[in-house]
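Subject: Structure handover

Hello,

Here is the structure you will be working on. Please open it first, then read the notes below.

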Amino acid sequence: MATEIERKYLLASDAWRADVTQSTRIAQGYLSTEPGRTVRVRIKGDGGFLTIKGASLDGMSRAEFEYSVPLADAEAMLALCPSVLDKTRHLLDAGNGLVWEIDEFHGENAGLIVAEIELPSVDAPVPQPGWLGAEVTGDKRYYNSQLTLKPYSQW
């Protein structure tokens with residue numbers, strides 16, 4: 001079983017922008033946001049993906065299964081979603097084989113920018129660049145699935 005171990009943070013400044021190595025626009029929606037599991041469809045660049053995530057046991061880790069799907073299928077599945085997130089994902093090298101993923105949201109979630117890092121274990125140290133702000137790991141308001149239900153502009 002695949003496991004995702006992720007920490008999530010707000011940003012203290014825009015200094016991270018100088019270190020971006022890649023940026024990709026992403027459209028994603030949720031076919032299911034039931035407690036304990038989500039089913040997400042995403043178009044990232046010219047690829048389609050279907051992702052199933054389980055419940056978080058410790059606020060940081062959960063089962064995750066992701067599959068490539070044809071772009072036309074992803075577009076059709078997105079049309080089934082009640083709302084679709086629009087964001088740009090920026091990648092930054094965090095060192096030691098780790099990557100910061102910084103999501104800059106658009107539309108109803110404009111103004112929200114969140115940094116995430118996937119870790120090899122729950123006790124792995126998190127790099128602490130100067131632009132990193134408060135940790136929001138486990139704060140459900142920042143879950144992408146929740147942002148489709150209650151966008152940042154409505155907080």
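The largest cavity has a volume of about 140 Å³. This is a predicted model: local features need pLDDT of at least 70, side-chain atom pairs count only at pLDDT 80 or more, and totals for chains, interfaces and linings use all residues. Residues are numbered from 1 along each chain as its sequence is written, and side-chain values use heavy atoms, with hydrogens and water left out.

**The cavity**

A cavity here is a set of points on a 1 Å grid over the protein atoms alone, where a 1.4 Å probe fits but cannot get out; lining residues have an atom within 4 Å of a point. Points are joined across faces, edges and corners, and the volume is the space filled by probe spheres set on them. The count comes to one cavity of 30 Å³ or more. Its lining has 13 residues, and Glu6, Gly59, Met60, Arg62 and Tyr143 lie nearest the centre. Strands β1 and β5 each give two or more residues to that lining. The largest share, four residues, comes from β1. By type, the lining divides into three nonpolar, five polar and five charged residues.

**Strands**

Strands are DSSP runs (E, at least two residues), numbered from the N terminus. Two of them pair if DSSP finds at least two bridges between them. Strands β3 (residues 37-44) and β4 (residues 47-54) are antiparallel, with eight bridges. Val41 has Leu50 in β4 as its bridge partner. Two residues sit between the strands of this hairpin, where Gly45 takes a positive phi near 65 degrees. Strand β4 also runs antiparallel to β5 (residues 61-69), joined by six bridges. There, Phe49 is partnered by Ser68 in β5. The hairpin of β4 and β5 has six residues between the strands, and Gly59 takes a positive phi near 85 degrees.

**Cores**

A nonpolar core is a set of buried Ala, Val, Leu, Ile, Met, Phe, Trp, Tyr and Cys residues joined through side-chain atoms within 4.5 Å. Buried means under 20% relative accessible area, exposed over 50%, partly exposed in between (1.4 Å probe, protein chains only). The largest core has 17 residues, of which Trp100, Ile102 and Trp131 touch the most other members. Two or more residues come from each of β1 (3-11), β6 (84-95), β7 (98-105) and β8 (113-118). A second, separate core has nine residues, including Val39, Val41, Ala74 and Leu78.

**Salt bridges**

A salt bridge is a side-chain nitrogen of Lys or Arg within 4 Å of a carboxyl oxygen of Asp or Glu. The count comes to 13. Arg17 pairs with Glu104, their closest N and O atoms being 2.9 Å apart. Arg17 is in the loop between β1 and β2 (22-32), Glu104 is in β7, and 87 residues separate them. Arg17 is partly exposed at 35% relative accessibility, whereas Glu104 is buried at 18%.

Asp86 and Arg25 form another salt bridge (2.7 Å, N to O). Asp86 lies in β6 and Arg25 in β2, so the pair ties together parts 61 residues apart in sequence.

Lys53 and Glu64 meet at 3.4 Å, N to O. Lys53 is buried at 9% relative accessibility, and Glu64 is buried at 18%. Salt bridges that share partners join Glu4, Lys53, Arg62 and Glu64 into one network.

Best wishes

Definitions and conventions
1 Å grid on protein atoms, 1.4 Å probe; cavity = no way out; pocket = protein on both sides within 12 Å on 5 of 7 lines; lining within 4 Å. Nonpolar A, V, L, I, M, F, W, Y, C, P; charged D, E, K, R; others polar.
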